[in-house]
Amino acid sequence: MKKLYSVFMLMLALAACSSPGDRLKVDVSDIGMPETVIRRYDRDLFRLNTTDLKNELEQLKSQYPFFLKTNLDSMKILAMRDYLENERNKAFFRASDSVFRDMSEVSSGLTDAFRHMAYYFKGFKAPRVYSYISGGDYQYPVQFADSVLLIAIDCYLGKGCYLYKDDQLPLYRERRADRVYIVSDAMGAIFSAVCPSDFPGNTLLDQMIQAGKRILFIDAMMPETSGFVKMGYTKEQYEWAAKNEEHVWAAIIGNNLLYNTSGQTMRTFLSDGPFTAEFSKESPPRLGEYIGWRILLQYMERNPKVSLLEILKERDGQKLLTGSAYKPQK
């Protein structure tokens, strides 16, 4: 009897230790996938001799067909020379070449994420990955299309980079211009391609759930990664969100915002920025996205027979909220 009691208490302890997201910690060790190779288009391109640019580019064609598969006529050669000789682009390359002398950590992170992709999406094939210099295309630091993943490494040079100061990049955006966010940004870009929006409803609940799906997807592909990275927060911002989750939810419910459809409400809780205006300046932006993610995690824990893909495809936000029995952590 004592042994049975001990086993029972152990089961209770294990149950108490479980937390939303545990279902996402799957074993991908048996999924065969070679280590991701990041093809350094940035490095090979900016080291070309521009006095003989046409011949130099022709020699690169076979390595970089995505960029150079078209006919390299005089207009394209001229445009490429202007790009390579642009002082700002050259400065971005020099800084990137210094910061990213080694990209093995990024490569390993992508490989693990791709293995998780293969676990959930049968038949998934890892994309070809290229790094390049965008010239400060901060809106699209990572792009995914046609089984190709493009990483603008000049958008990840680290907070304090003088080029970001010259471009007057907002501080909240500069904080995320760090290599630690590359893999999560890549998964976010892939999410938009493999799980396109199903035109959710226009209430705050619907929009929070839709935004939360992106973070849930990133979470599933990177289950061992810190939450602040998945959300694109700083550590301090993530700690604020976790500590104040109950208060944020109470504000949404108390102000009758859950089914609100106003554009201002959507911008307050879902738009990027330095903080969420309804709360303190220490608060992070996109708190609606954070709450949506938390709702989905709790739904997943309470509905073990519903797969990740089924959750991502579910369009009924109210069904997901009700089925989650969502209760913010204190």
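The following legends describe an overall view and several close-up views of a predicted model.

**Figure 1. Overall view of the protein chain, with 18 helices and four strands.** The C-alpha trace spans about 80 × 45 × 35 Å along its principal axes. The protein chain has 330 residues, of which 48% count as buried. Among contacts with a separation of 6 or more, 68% are between residues 24 or more positions apart. As one example of distance across the model, the C-alpha atoms of Asn-49 and Leu-312 are 48 Å apart in space, and these two residues are 263 residues apart in sequence.

Figure 2. Ile-77, Met-80 and Leu-84 are buried in helix 5. These residues cover an arc of only 65 degrees around the axis and therefore lie on the same side of helix 5. In an α-helix there are 3.6 residues a turn, so residues three or four places apart point the same way. Ser-74 and Met-75, on the other side of helix 5, are exposed. The cover over the buried residues of helix 5 includes helix 2 (41-46), helix 3 (53-60), helix 4 (65-68) and helix 6 (87-99).

**Figure 3. Close-up of Asp-73 at the start of helix 5.** A side-chain oxygen of Asp-73 comes to within 3.2 Å of the backbone nitrogen of Met-75. The side chain of Asp-73 also meets that of Lys-76 in a salt bridge, with an N to O distance of 3.9 Å. Asp-73 is partly exposed, with a relative accessible area of 30%. Lys-76 counts as partly exposed as well, at 36% relative accessibility.

**Figure 4. Close-up of the salt bridge between Asp-97 and Arg-47.** The two side chains meet at 3.2 Å, N to O. Because Asp-97 lies in helix 6 and Arg-47 in the loop between helix 2 and helix 3, the pair ties together parts that are 50 residues apart in sequence. Asp-97 counts as buried, at 18% relative accessibility, whereas Arg-47 is exposed, with a relative accessible area of 53%. The loop between helix 2 and helix 3 is also the place of Asn-49. Asn-49 is partly exposed, with a relative accessible area of 37%, and its side chain makes a polar contact with the side chain of Thr-51 at 2.6 Å.

Figure 5. Arg-43 is buried, with a relative accessible area of 17%. Its side chain reaches the backbone oxygen of Phe-100 at 3.2 Å. With neighbours within four places in sequence left aside, the residues in contact with Arg-43 are Phe-93, Asp-97, Phe-100 and Arg-101. Of these contacts of Arg-43, Asp-97 is also a partner of Arg-47 in a salt bridge.

**Figure 6. Close-up of the salt bridge between Lys-90 and Glu-87 in helix 6.** The N to O distance between the two side chains is 3.1 Å. Lys-90 and Glu-87 are three residues apart in helix 6, which means that about one helical turn separates them. Glu-87 counts as exposed, at 52% relative accessibility, and Lys-90 is partly exposed, with a relative accessible area of 27%.

**Figure 7. Close-up of the largest nonpolar core, which has 103 residues.** Leu-110, Met-187 and Met-221 have the most contacts inside this core. Helix 11 (residues 204-221) contributes the largest share of the core, 10 residues. With neighbours within four places in sequence left aside, Met-187 is in contact with Leu-110, Ala-113, Phe-114, Phe-217, Ile-218, Met-221 and Met-222. In soluble globular proteins, nonpolar side chains tend to be buried together.

**Figure 8. Close-up of a network of salt bridges.** The network links Arg-176, Arg-214, Asp-272, Arg-286 and Glu-289. Side chains of opposite charge can pair when their charged atoms come close. A search of the whole structure finds 16 salt bridges.

Terms used
Residues are numbered from 1 along each chain as its sequence is written. This is a predicted model: local features need pLDDT of at least 70, side-chain atom pairs count only at pLDDT 80 or more; totals for chains, interfaces and linings use all residues. Side-chain values use heavy atoms; hydrogens and water are left out. Buried means under 20% relative accessible area, exposed over 50%, partly exposed in between (1.4 Å probe, protein chains only). Helices (H or I, at least four residues) and strands (E, at least two) are DSSP runs, numbered from the N terminus. The arc is that of the directions from the helix axis to the C-beta atoms. Contact means heavy atoms within 4.5 Å. A polar contact is a pair of N or O atoms within 3.5 Å; within protein, one must be able to donate a hydrogen and the other to accept it, and residues adjacent in sequence count only if both atoms are side-chain atoms. A nonpolar core is a set of buried Ala, Val, Leu, Ile, Met, Phe, Trp, Tyr and Cys residues joined through side-chain atoms within 4.5 Å. A salt bridge is a side-chain nitrogen of Lys or Arg within 4 Å of a carboxyl oxygen of Asp or Glu.
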